[in-house]
Amino acid sequence: MKCEKHIEVTIRPLRLSDAAAVQRYASDERVARTTTIPQPYPENGGENFVRKGISAHRNREAFYFAIVADGDMIGVVELGAVDYEKRSVRCDFGIASSHWGKGITTRAVALALHYAFCELDMEIVHSACLKCNPASARVLEKNGFQETEGFIYNSSKFKNEPARRFQLTRQAWITAQTEGIS
Ligand SMILES: CC(C)(COP(=O)(O)OP(=O)(O)OC[C@H]1O[C@@H](n2cnc3c(N)ncnc32)[C@H](O)[C@@H]1OP(=O)(O)O)[C@@H](O)C(=O)NCCC(=O)NCCS
């Protein structure tokens, strides 16, 4: 899978010390634009997010991983909306705009998928993105996700925004691992 070869990408559970990095990248309008991240980002937003993530991870309600590139915490990949009965999770992600376009998120999502299928024993991982966010769709496609449907997203931040749903089944993931995906 393509990632600039000299960049080492790892994921690990969030730590309190990640709050400043989250605060920095989440305050960036380019990162907030296509996500539920509030804008303007509150002063204590990074710390609140990290505290919530650590607590949810500890309680196995959601799994928040820091994305670390060459030793720097630059973003988060999250396995949320955990349904242990249906064995399904939702994958969300975002990284600092200074690091876009280097294959880092694609690699981080691949690592999170490994965790979802091998550690959590999930059967299906789903995700979604706004239609105006082709980079996010591409990250999902490069990890083997199939687009399932379009829908209209409404929230306090977005009104009638066209969006796309994706899913990856355990079987498709296993097949992609053996065949190789690009
Ligand atoms: C979406 C996001 C996570 C992508 O991260 P990234 O590390 O740049 O992703 P990668 O480099 O691994 O892959 C990006 C892919 O999208 C492609 N891409 C980027 N901009 C694109 C565009 N405007 N149209 C089509 N493809 C585009 C890249 O070319 C690359 O594909 P390729 O390897 O086939 O060339 C990043 O842009 C981000 O953090 N955005 C803000 C938060 C966000 O939107 N999160 C997703 C919410 S659903």
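Leu140 touches Phe93, Ser127, Phe145 and Phe166, leaving aside residues up to four places away in sequence. Keep in mind that this is a predicted model. Leu140 sits in helix H5. Is Leu140 buried or exposed? Its relative accessible area is 0%, and the cut-off for buried is under 20%, so Leu140 counts as buried. For a distance across the chain, take Gly53: Leu140 and Gly53 are 87 residues apart in sequence, and their C-alpha atoms are separated by 22 Å.

Helix H5 leads on to the ligand. Which element gives the largest share of the shell around the ligand? That is H5, with six residues. H5 covers 134–142, and at least two shell residues each also come from strand S4 (88–95), helix H4 (104–119) and strand S5 (124–130).

There are 23 residues around the ligand, and those that come nearest are Thr34, Gly101, Thr105, Thr106 and Lys142. By type, the shell divides into ten nonpolar residues, nine polar and four charged.

Lys142 has a polar side-chain atom 2.7 Å from an oxygen atom of the ligand. For Asn133, again a polar side-chain atom, the distance to a ligand oxygen is 2.8 Å. Lys102 takes part through its backbone: an N or O atom there lies 3.4 Å from an oxygen atom of the ligand. As for cover, the ligand on its own has 970 Å² of accessible area, and the protein covers 74% of that.

Terms used:
Residues numbered from 1 in each chain as written. Predicted model: local features only at pLDDT ≥ 70, side-chain atom pairs only at ≥ 80, totals over all residues. Heavy atoms only, no water. Near = heavy atom within 4 Å. Polar contact = N/O pair within 3.5 Å; in protein donor to acceptor, adjacent residues only side chain to side chain. Areas by Shrake-Rupley, 256 points an atom, 1.4 Å probe, with all protein chains shown as cover. Helix = DSSP H or I, 4+ residues; strand = E, 2+ residues; numbered from the N terminus. Nonpolar A, V, L, I, M, F, W, Y, C, P; charged D, E, K, R; others polar. Buried < 20%, exposed > 50% of the residue type's maximum accessible area, 1.4 Å probe, protein only. Contact = heavy atoms within 4.5 Å.
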